[in-house]
Amino acid sequence: MLLNPKLLATLLAIVIAAFITSFLSFLPESNANVLFVSFIATLIVAGILIYFVLDYLVFQEINKMYDSINRLKIKDFGVTRKKLYKNNNPLKKLNDELFVYVSKKEQEVTELKRLEKYRREFLANVSHELKTPIFAAQGFVHTLLDGAMDDENVRERFLVKAAKSLDGLDILVKDLLTLSQMETGDIKMNRAKVDIKQITKEVFEQLEGKAKAKNTTLQIKSPQLQVWVKADAQRIGQVVTNLVENAIKYGNENGTVIVNFEEDKKDWKVSIRDNGPGIAPEYLNRIFERFYRVDKARSRSDGSSGLGLAIVKHILNAHRTKISVASKPEKGTTFSFKLEKAEVVV
């Protein structure tokens, strides 16, 4: 039964009229006519007064409060609800609405604090990453300007080091721009039928020098000669390059990097596995963060920007898939993701 001011006023008026009539029935001069008139008069007067108090001083004010909350919710969250007077208990409903609104606002404030913390950390990381190659290049150039330029051997060596620092800075800026464009949606994935196995072979050729330098063997395992998927060839090539390069870089000397392709009904699963030292469990949830490095002591002179895995994650998200990682210390690390199969016309 719905609660409204007319019904509630009537019920309360009947109770009051019955109580007063019962009291008057104990008086000696009371008779049936007096009691009837008293009951009707009390019922009418009490009903009007109670209805006025409930409707104008309680229900309308509660409805105004609800409407205000509803407008705030529409503005802040895009959420609409039914009118308050259609609910069984207006006070309980108002309390529930206030609780929901306050809870959402608390979540919003918490998220804003988290984003603010993330922004501060990001700015600090960017500043640090930019400062390192800039200061290095500055040091080499100023040393040359202060007189070392006259020594041919020193000049060449310092210019090479300065160029290497600036190359690292260029990589960082390009990766930051790529990541920003992906997050804002400026970079679209041109998905088409591509052979990811062939892309992997081309990546192996590009990284052959780095693999030989660490005496690392590169292998492909696949049940088919060609692995056709729906993907952006350039971006998926970037994903495979980053993951294979990381596997070589952080793997053991004389190690092995294996790219494995597994087929199921709708997808191809791609796994990149190394037999290196692995990653400790407490770091696995953070390796896709910007600038996060498991080995804090590792030199930034390896040419990486610290954004590679973050870019990989964004590229795969844009392909409507996710990347996962499994690792055990001293047993290696495996990165894996799935891509939708492309139809093969026989």
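These legends go with an overview and some close-ups of a predicted model.

**Overview: the whole chain.** Eight helices and seven strands make up the secondary structure here. Of the 346 residues in the chain, 34% are buried. Take the contacts with a separation of 6 or more, and 72% of them come from residues 24 or more positions apart.

**Close-up: helix 5 against helix 7.** Helix 5 spans residues 196–206 and helix 7 spans residues 233–250; their axes come within 9 Å and cross at roughly 50 degrees. That angle is why helix 5 counts as oblique to helix 7. The crossing of helix 5 past helix 7 is right-handed.

**Close-up: who touches whom between helix 5 and helix 7.** On the helix 5 side, look for Ile 196, Ile 199, Thr 200, Val 203, Phe 204 and Gln 206. Helix 7 answers with Ala 233, Ile 236, Gly 237, Val 240, Thr 241 and Val 244. Sorted by class, this contact of helix 5 with helix 7 has eight nonpolar residues, four polar ones and no charged ones.

**Close-up: helix 7 against helix 8.** Helix 8 covers residues 308–318, and helix 7 packs on it at an angle of about 145 degrees with the axes 10 Å apart. Here helix 7 passes helix 8 in a left-handed crossing. From helix 7 come Arg 235, Ile 236, Gln 238, Val 239, Asn 242, Leu 243 and Asn 246, meeting Gly 308, Leu 309, Ile 311, Val 312, Ile 315 and Leu 316 of helix 8. The tally for this contact of helix 7 with helix 8 is eight nonpolar, four polar and one charged.

Notes. Residues are numbered from 1 along each chain as its sequence is written. This is a predicted model: local features need pLDDT of at least 70, side-chain atom pairs count only at pLDDT 80 or more; totals for chains, interfaces and linings use all residues. Side-chain values use heavy atoms; hydrogens and water are left out. Helices (H or I, at least four residues) and strands (E, at least two) are DSSP runs, numbered from the N terminus. Buried means under 20% relative accessible area, exposed over 50%, partly exposed in between (1.4 Å probe, protein chains only). Contact means heavy atoms within 4.5 Å. Axes are lines fitted to C-alpha atoms, for helices over the stretch in contact, and angles run from 0 to 180 degrees between N-to-C directions. Angles under 35 degrees count as roughly parallel, over 145 as roughly antiparallel, 65 to 115 as roughly perpendicular and the rest as oblique. A crossing is left-handed if the near helix is turned anticlockwise from the far one by less than a right angle, and right-handed if clockwise. Ala, Val, Leu, Ile, Met, Phe, Trp, Tyr, Cys and Pro count as nonpolar, Asp, Glu, Lys and Arg as charged, and the others, Gly among them, as polar.
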